[in-house]
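Try each task before reading its solution.

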Amino acid sequence: MYTPFNLQNIPLTKYLFFTGKGGVGKTSVACATAVTLADHGKRILLISTDPASNLQDVFSTDLSSKGTPIKEVPGLIVANLDPLQAAAEYRESVIAPYRGKLPESVIANMEEQLSGSCTVEIAAFNEFSNFITDKKAQNEYDHIIFDTAPTGHTLRMLQLPSAWSNFISESTHGASCLGQLAGLESKKEIYKKAVETLPDGQLTTLILISRPESSPLKEAARASKELADLGILNQILTINGVLTAYDDTISESLYHKQKKVLSDIPVGLQTITIYSVPLRAYNITGMENVRNLLVKDNFSPCDDTLKTTDIPKLSKVIDDLFKSRKKVIFTMGKGGVGKTSVAAAVALGLSAKGENVHLTTTDPAAHIKFVIDENSRISISHIDEKAELERYQNEVLAKARETMSENDVAYVEEDLRSPCTQEIAVFRKFAEIVERADNEIVVIDTAPTGHTLLLLDATQSYHKEVKRTQGDIPETVKKLLPRLRNADETEVIIVTLAETTPVYEAIRLEEDLERAGIATKWWVINSSMYATETTNQLLQAKASHEIEWINKVDERSGGHFAVIAWSAEDIKGSQLLNM
């Protein structure tokens, strides 16, 4: 349907940034691009700033932030930056001057303010901006390839005057993700030059990576618009994992499902050049597979063996929730892993056991009602994320404008676009709904991260010590935090896919919750090809590569996991109970 991602036919600039939703194959395509170009005699520097990067596995080589030559690929240098470590060092550099001078509760809050995903992005930008502005690197390499590009939110924040003042130490709304950018004042000119390089189409290309699935394509469209709004129009889209032929019912279903999604590609993506990479059976590790990704498939199955003799279904999770008398149940995971379907199945399963259940989702109400109908034991509500965010933003900005300059208000406006702010806004509405758990079981599709919970908790705990004109924290939220920490009453179900990035992202989510004092027990692996009975050679081989990640989840969860088979159709109604 689209032109193959053939590097011989694509105009390439000095800097190539690969970006996209977690798990879509950014690292795989970036590595294949780097190796292919080096094989054609180009001098290449490949840099990863992805916290979930598996570059060391890809190249079977120990890597560092300094750059490591790859023996099998003359001309290729690979640097694996650790943004989590960089964020920790940055966090300490900002906080150190205040230790011993401010109360411990304030220091703890500053640490939490600087523990969010936005801070990791800033730290990552700090790392790779050095490469963008390094004259030696410019002269030494034909192409510098970045695995993971900065988001529009990060780029807008870096361009605000208030971001370079001490404003955040007097921050006014208590939900900041970015913390004290003044700690990087010495890098301001380097950042400015790096930001100016990104929209220069003669120097830079942003390569959006997606899959032929609705959720990743919507995310790619959102990212494309954010970047375009900043004047970064030098974008191309590459759709990874396109099935090109079929020979059994499973492969035929997948082929037609992808075709339908691609025929309805978001309008915002239709104006940029689109390429495709075929679906491959293998994980992109080892030099042979990296070299083959853009060229040919290898149908050899993985020789891993499943460590468990039994793969439980979701009914086992539902039985445990029923027996343990859980009252508040969250499904949690990155977008596109199937949280809504799992939440609906849990609600239906508990209802079938005679429980009164209230199901709440941030998905459009029409979608959840397509999946499951309200009945005498199930009631459904829908939270409008956009409306809740707008309500919260207006509340905070109204207070900010009473005392702040326009520059500082602009900082607050940008900070209010951060992922954590949206979680807080939606979470306030969740808190109202969870009050219903006194009389019925409440199942909630999408949970707040531990970082958001700690921000809320810290703000309510010490706001009297730090003068902040913050968004009010309702009593329902204050009551909810202890409730979520009560493992006898609350359960968080982590939903993932049997793939590298989704599993590592799920592990980080679990660690995030543990940091907030919230226990997790059950994991659900959704959309598993291993759980189907496909006879297609490619899909059988692909299914075998899921075993490693099923084993990983089995180990991580202590055997408390379930697997749901891939399905071509949206599962609904009583079918959910067979998941």
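A residue counts as buried when its relative accessible area is under 20%. Keep in mind that the model is predicted.

**Exercise 1.** Work out how many of the 14 residues of α13 are buried, and what follows for the helix.

*Solution.* 
- Start by locating the helix: α13 covers residues 339-352.
- Next, apply the cut-off of under 20%. The buried residues are K339, T340, V342, A343, A344, A345, V346, A347, L348, G349, L350 and S351.
- That makes 12 of the 14 residues, so α13 is largely enclosed by the rest of the structure.

**Exercise 2.** Compare the reach of α13 with the span expected at 1.5 Å a residue, then look at what follows the helix.

*Solution.* 
- From first C-alpha to last, α13 reaches 20 Å, close to the expected 20 Å.
- Beyond the helix comes G354, which has a positive phi, near 95 degrees.

**Exercise 3.** Find which residues stand opposite I444 in β13, starting from the strands joined to β13.

*Solution.* 
- Strand β10 (residues 328-332) runs parallel to β13, joined by 4 bridges. Here F330 stands opposite I444.
- Strand β11 (residues 357-361) is also parallel to β13, with 4 bridges joining them. Here T360 stands opposite I444.

Technical notes. Residues are numbered from 1 along each chain as its sequence is written. This is a predicted model: local features need pLDDT of at least 70, side-chain atom pairs count only at pLDDT 80 or more; totals for chains, interfaces and linings use all residues. Side-chain values use heavy atoms; hydrogens and water are left out. Helices (H or I, at least four residues) and strands (E, at least two) are DSSP runs, numbered from the N terminus. The expected span of a helix is 1.5 Å times one less than its number of residues. Buried means under 20% relative accessible area, exposed over 50%, partly exposed in between (1.4 Å probe, protein chains only). Two strands pair if DSSP finds at least two bridges between them.
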